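Please find below a note on the two-chain model under discussion.

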Amino acid sequence: MLNNPDQIILWQYDVIKINATLAFTWAVMALLVGGSFLITRRLSVDAPISRLQNLLEVIVVEVDKQIGELSQQQPERYLPLIGTLFLFIFVSNVLAVVPGFMPPTGSLSTTTALALTVFIAVPIYGIYRVGLWRYLKQYCQPNVFMLPFNIIGELSRTLALAVRLYGNIMSGTVVAGILLSITPLFFPIAMQVLGLLTGTIQAYIFSILAMVYIASATPKSE
Amino acid sequence: MAIDWFTVGAQMINFLILIWLLKKFLYRPIVKAMASREQGLVDRLQLVETQMSEAEQLKKQYESSLQQLDSDKDDILTEARQQAETDRTLQLQSLNDELQQEKKRFDQEMHRQQQQLGNVINRVVAEKALQLGGRILSGLADQSLEQQIVEHFLQNLAKLPDDEQSVLQKAISQDDAVTVISRFPLNETQRSKIRDWLDQSAAVSEVVFERDKRLICGITLEAGGRSWEWNIDRYLAELEVELLKPLE
């Protein structure tokens, strides 16, 4: 049983290869960017607003609101990263119901990539906001002996972020595969619906955690 | 649980590209549109507030004007009423004055007409009385009255003052003929009485007796271009003068 889309190689030249993960990622990206482009090229400022524009506005506003509540800061700076994380994971997970589509988030490489992005983004935002020295100083809080633990905490949470998403999505796919071989009728459909729920929740959790990490790395005292 | 590090790197790049693309095609336009809408709403709200405040101000102005108008209306009405009352009083006064003047004129005219009428009546009464008196005296005039008249005339001549007596005597003596005029023909006794009296007064050559019916009753002596007479007409004329004097 082939559950890892990394292993489906579509094209390879030496170490450079195009696997299903990348292909499906591009599909999701095309869908997101294309949809956004089609909707936002005809934005109307005044009423009446198209339903799709309204949907996008609702998403953006809600993400903004969540960021604002979590960070207690202006959400504009974090919106592209957190919003994109949510949208990418959400669309990938929801598309899992499409037969033949393997969500890129079911690949540990993708989730690792996302977690690493967050791992890099946290200090960038922190340094940008409070400066390098003050940012580094907080790893020595409450005292310098806590430095290794803080670093381990930083790494472990990145690892947890990656594995959590991967585990949830991959497990969903695996469970669906297993159930399909045992009870091919009806039950896998219920599991698919459950998978939609799980995928949505995971997208939300991943985004929220990323924001929490970023917010925790940028002291509010500033 | 194998991690393909090439895929990891590629996915990171993909994700960054996705962030950039979504920022360009999704977040920025949507945020911009929402900000524009919000700004538009704020502007519209401000406009509405401005218009509301303007409307409120206009309403206040209007109400104030209305109150002013009401007040003015009352003032104007009061003033007009006062003016009308004053005019009415003045007109009434003027009419009253005019009426009084008219009444005065009417009274004067009335008085004048009454006076005229009184005058006319008095005149007519006097004339009628005189005529009646004359007529009565004419009716009464006869020979015996004539006799008395002659005697009365002769007594009057005798009672004339001295200077008049001398004038009479001179006139009788100078003239050739003395004329005695009466209404009724004098009888011989009367004529001789007159002739005797004349002879006693002065030497008279001739006495001529004549008649004149215009005399109501009376007698006239003419001599030397002068005349002496006793005539009821004279008394009547004096009475007429006396009667009509107050009416002139």
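1. Basis. The model is predicted; local features need pLDDT of at least 70, side-chain atom pairs count only at pLDDT 80 or more, and totals for chains, interfaces and linings use all residues. Residues are numbered from 1 along each chain as its sequence is written, and chains are lettered from A and ligands numbered from 1 in the order in which they are written. Helices (H or I, at least four residues) and strands (E, at least two) are DSSP runs, numbered from the N terminus.

2. Contact between the chains. Chain A contributes 35 residues and chain B 27 residues, two residues being in contact if their C-beta atoms, placed from the backbone, lie within 7 Å. On the side of chain A that touches chain B, at least two residues each come from strand S2 (16-19), helix H1 (20-40), helix H2 (51-71), helix H3 (79-94) and helix H4 (108-130) of chain A. H1(A) gives the most to this side, with nine residues. By class, the side of chain A that touches chain B holds 19 nonpolar, twelve polar and four charged residues. Here Ala, Val, Leu, Ile, Met, Phe, Trp, Tyr, Cys and Pro count as nonpolar, Asp, Glu, Lys and Arg as charged, and the others, Gly among them, as polar.

3. Chain B overall. Five helices and four strands make up the secondary structure of chain B, in the sequence pattern α-α-α-β-α-β-β-β-α. Of its 248 residues, 15% count as buried. A residue is buried if 20 or more other C-beta atoms lie within 10 Å of its own, exposed if 12 or fewer, and partly exposed in between, with C-beta atoms placed from the backbone. Among the contacts in chain B with a separation of 6 or more, 75% join residues 24 or more positions apart.

4. Nonpolar cores. A nonpolar core is a set of buried Ala, Val, Leu, Ile, Met, Phe, Trp, Tyr and Cys residues joined through C-beta atoms within 7 Å. The largest has 52 residues, of which Ile82(A), Leu85(A) and Phe88(A) touch the most other members. Two or more residues of this core come from each of H1, H2, H3, H4, helix H6 (147-182) and helix H7 (187-217) of chain A, and from helix H1 (5-140) of chain B. H3(A) gives the most, with ten residues. Not counting residues up to four places away in sequence, Leu85(A) touches Leu114(A), Phe206(A), Ser207(A) and Ala210(A). A second, separate core of 16 residues includes Ile172(B), Cys217(B), Ala223(B) and Ile232(B).

5. The expected span of a helix is 1.5 Å times one less than its number of residues. The buried residues of H6(A), including Leu161(A), Leu165(A) and Ile169(A), pack against H3, H4 and H7 of chain A. H7(A), with 31 residues, reaches 44 Å from its first C-alpha to its last, close to the 45 Å expected. Among its buried residues are Gly195(A), Gly199(A) and Phe206(A); the cover of the buried residues of H7(A) includes H2, H3, H4 and H6 of chain A.

6. Sheet of chain B. Four strands form an open sheet in the order S2-S1-S3-S4 (chain B), with mixed pairing; two strands pair if DSSP finds at least two bridges between them. The edge strands are strand S2 (206-211) and S4 of chain B. S1 (residues 177-182) and S3 (residues 218-223) of chain B are antiparallel over four bridges, and Ser182(B) has Ile219(B) as its bridge partner in S3(B). S3(B) and S4 (residues 226-231) of chain B are antiparallel over six bridges, and Ile219(B) stands opposite Trp230(B) in S4(B). Two residues lie between the strands of this hairpin, in which Gly224(B) takes a positive phi near 60 degrees.

7. Residues to inspect. Most residues other than glycine have a negative phi. Asp14(A) has a positive phi near 60 degrees and lies in the loop between strand S1 (9-13) and S2 of chain A. Asp14(A) counts as exposed because it has 5 C-beta neighbours inside 10 Å. Gln72(A) has a positive phi near 55 degrees and lies in the loop between H2 and H3 of chain A. With 9 other C-beta atoms within 10 Å, Gln72(A) is exposed.
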